[in-house]
Amino acid sequence: MSLSTALSIAQSALMNTARQTSVVSRNVADASNPDYTRRIAVITSTAPGARSVDIQRVANDLLFRQNLSALSAYSGQNALYSGLDQLDVSVNGVDNASSPSTAIGNLQQALQLYATSPSNQNLGSSVIDAAKQVVRSLNEGSRAIQDFRTQTDGQIATAVDDLNSLLSQFQDANQAVISGTRSGTDVSDALDQRDALLKKISDYVPVSTFTRGDNDMVITTGDGTTLFETIPRTVSFAPSSGYSAGTVGNALYIDNVPISAGTGGNTSASGKLAGLLQLRDGVASTMQSQLDETARGLITAFAETAPSMPNAAGLFTWSGAPAVPAAGTLVNGLAGTISVNAAMDPSAGGNPALLRDGGANGAAYVVNTGGASYSSLLVAYGDRLDQPMTFDPAAGISATSSVADYAANSIGWLQSVRQQASTAADAKQALASRSAEALSNATGVNVDQEMSLLLDLEHTYQASARMMKTVDDMLAALLSAVG
């Protein structure tokens with residue numbers, strides 16, 4: 001081997017070691033970055049006696065796809081669970097203190113007390129106050145649900161804007177990968193950026209990817225709808241300014257294909273958008289229907305009856321009064337409009353004794369003609385609260401039960417869904433964490449390993465430097481001998 005060849009090899013070794021050291025230093029610097037993938041500087045032979053450094057990016061497509069799927073599943077589940085918590089407190093209060101079920105229980109107690117002493121008008125007024133609390137819980141619960149649906153609709157609109165922005169950023173990152181691949185330059189940073197954007201996109205919708213020539217990537221949703229191919233597909237949504245009972249929310253589209261809402265406590269929703277749609281059009285709408293059916297049951301239970309006369313709204317009334325709503329048929333928005341009959345409300349100039357005696361709808365409905373100790377009607381009203389009646393099965397709970405049980409079952413339904421959502425959220429969060437950990441172990445940076453590699457490179461550098469020193473000494477000796 002000539003001295004010039006030896007010198008060239010030593011110089012090449014020094015340059016390669018410098019590049020390897022640079023890669024290791026970069027790994028250490030970004031060790032805490034969850035979106036950074038470890039680089040490896042691989043020595044490759046390019047010609048006889050010549051070597052160069054090829055920078056390779058550690059990747060595991062299988063683990064990465066599993067992590068994306070887990071992130072989407074947890075995002076949809078967490079959106080549902082968080083919304084259920086908010087709805088529970090808004091409608092029922094802490095520990096169900098302001099729920100219709102609690103208010104109906106208080107009304108039953110007030111009725112029982114009044115029935116034991118029908119001549120005590122203070123007890124009669126207490127029944128009216130308890131009825132007002134029932135009305136208040138239904139009115140405010142209905143309003144809270146529709147406000148929640150409006151807020152959720154706004155969250156969907158914001159999420160759609162964010163998703164469209166992420167797809168636009170993905171286009172830039174994907175183009176950088178394609179351009180770098182074609183020119184043969186290192187595209188590791190662009191690939192990291194593209195993967196980081198995929199994680200963020202999977203928070204909103206489930207994603208599936210495949211890579212074409214020049215590292216060009218195509219994104220589809222879980223059901224196969226194209227989300228990105230060369231250019232982003234449009235995610236479109238028209239938000240509503242407000243909601244009322246029975247109103248159906250606008251659909252959300254990806255490339256003109258509607259996104260389906262999730263179903264169940266352990267929701268099928270994958271991604272935040274499907275979870276929000278389930279809250280807006282599924283859970284919240286069902287809760288509204290249950291409140292409406294509770295209100296209808298109360299109007300029916302306290303309706304005044306008379307021979308040869310149609311039943312008429314009594315203690316509780318509504319916009320269709322004096323008629324009583326049809327049995328077993330949901331009336332959208334009834335919980336928001338139910339009220340206490342002014343004829344029995346002292347604050348409105350009414351007489352609470354009409355509840356004891358009957359006659360809020362005229363003389364034909366009078367049952368008691370003067371007995372101050374008359375309690376039969378009060379007892380009958382109390383009994384009706386515990387008697388089975390038919391409810392619309394569209395509200396999602398038992399079609400036959402008493403009003404009191406129905407209101408309690410409504411709370412039970414929500415708590416059951418919340419419990420399922422909570423358990424599933426914990427499980428899906430754990431899966432997302434484990435998949436992220438597995439991906440990090442496979443593609444992330446181990447600082448101890450990098451520092452060990454750095455020591456090896458230092459030794460290599462020292463060997464190359466000694467080789468150059470030896471060649472230099474030999475050249476110096478040769479020149480001295482010639483001189």
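What follows is a walk through confidence, sheets, aromatic pairs and one arginine.

**How confident is the model?**

Please keep in mind that this is a predicted model. The protein chain has a mean pLDDT of 89, and 90% of its residues reach 70 or more. Among the elements of the chain, strand E2 (residues 50-57) has the lowest mean pLDDT, at 68, while E12 has the highest, at 98.

**A sheet of four strands**

Let us begin with an open sheet of 4 strands, in the order E3-E4-E5-E6 and with antiparallel pairing. At its edges stand strand E3 (207-211) and strand E6 (231-232). Each of these has a single partner strand, so one side of each is left without a neighbour in the sheet. Further in, strand E4 (residues 217-221) and strand E5 (residues 226-229) run antiparallel and are joined by 2 bridges. Here you can find Thr220 standing opposite Thr226 in E5. Helix H4 packs on this sheet, where H4 touches E4, E5 and E6. The direction of H4 makes about 35 degrees with that of E5.

**A sheet of three strands**

A second stop is an open sheet of 3 strands, ordered E7-E8-E9, again with antiparallel pairing. Strand E7 (235-237) and strand E9 (257-258) are the edge strands, each pairing on one side only. Strand E8 (residues 252-254) pairs with E9 in the antiparallel sense over 2 bridges, and Ile254 stands opposite Val257 in E9. Helix H4, which spans residues 121-183, turns up here too: H4 lies across E7 and E8 and runs at about 160 degrees to E7.

**Aromatic pairs**

How many aromatic pairs does a search of the whole structure find? There are 4, and two of them are set out here.

| Pair | Distance between ring centres | Angle between planes | Kind |
|---|---|---|---|
| Phe302 and Phe316 | 5.3 Å | 75 degrees | edge-to-face |
| Phe391 and Tyr406 | 4.0 Å | 15 degrees | stacked |

Where do the partners sit? Phe302 lies in the loop between helix H6 (272-301) and strand E10 (304-306), and Phe316 is in strand E12 (residues 316-317), so their pair ties together parts that are 14 residues apart in sequence. Phe302 counts as buried at 0% relative accessibility, and Phe316 is buried with a relative accessible area of 0%. Together with Tyr381, Phe302 and Phe316 form one aromatic cluster.

As for the stacked pair, Phe391 is found in the loop between strand E14 (389-390) and strand E15 (400-401), and Tyr406 belongs to helix H10 (residues 403-443), so this pair links parts that are 15 residues apart in sequence. Both partners are inside: Phe391 counts as buried at 1% relative accessibility, and Tyr406 counts as buried at 0%.

**A closer look at Arg280**

Our last stop is Arg280, which lies in helix H6. Is Arg280 buried or exposed? Arg280 has a relative accessible area of 1%; buried means under 20%, so this residue is buried. Which backbone oxygen does the side chain of Arg280 reach? That of Asn250, at 2.8 Å. Leaving aside neighbours within four places in sequence, Arg280 is in contact with several residues, including Arg149, Thr152, Asp153 and Ile156. Phe237, Tyr243, Gly249, Asn250 and Ser285 are also among the contacts of Arg280.

Technical notes
Residues numbered from 1 in each chain as written. Predicted model: local features only at pLDDT ≥ 70, side-chain atom pairs only at ≥ 80, totals over all residues. Heavy atoms only, no water. Pairing = 2+ DSSP bridges. Contact = heavy atoms within 4.5 Å. Axes fitted to C-alpha atoms, helices over the stretch in contact; angles between N-to-C directions. Phe/Tyr/Trp six-rings, centres within 6.5 Å; stacked < 30°, edge-to-face > 60°. Buried < 20%, exposed > 50% of the residue type's maximum accessible area, 1.4 Å probe, protein only. Polar contact = N/O pair within 3.5 Å; in protein donor to acceptor, adjacent residues only side chain to side chain. pLDDT = per-residue confidence, 0-100.
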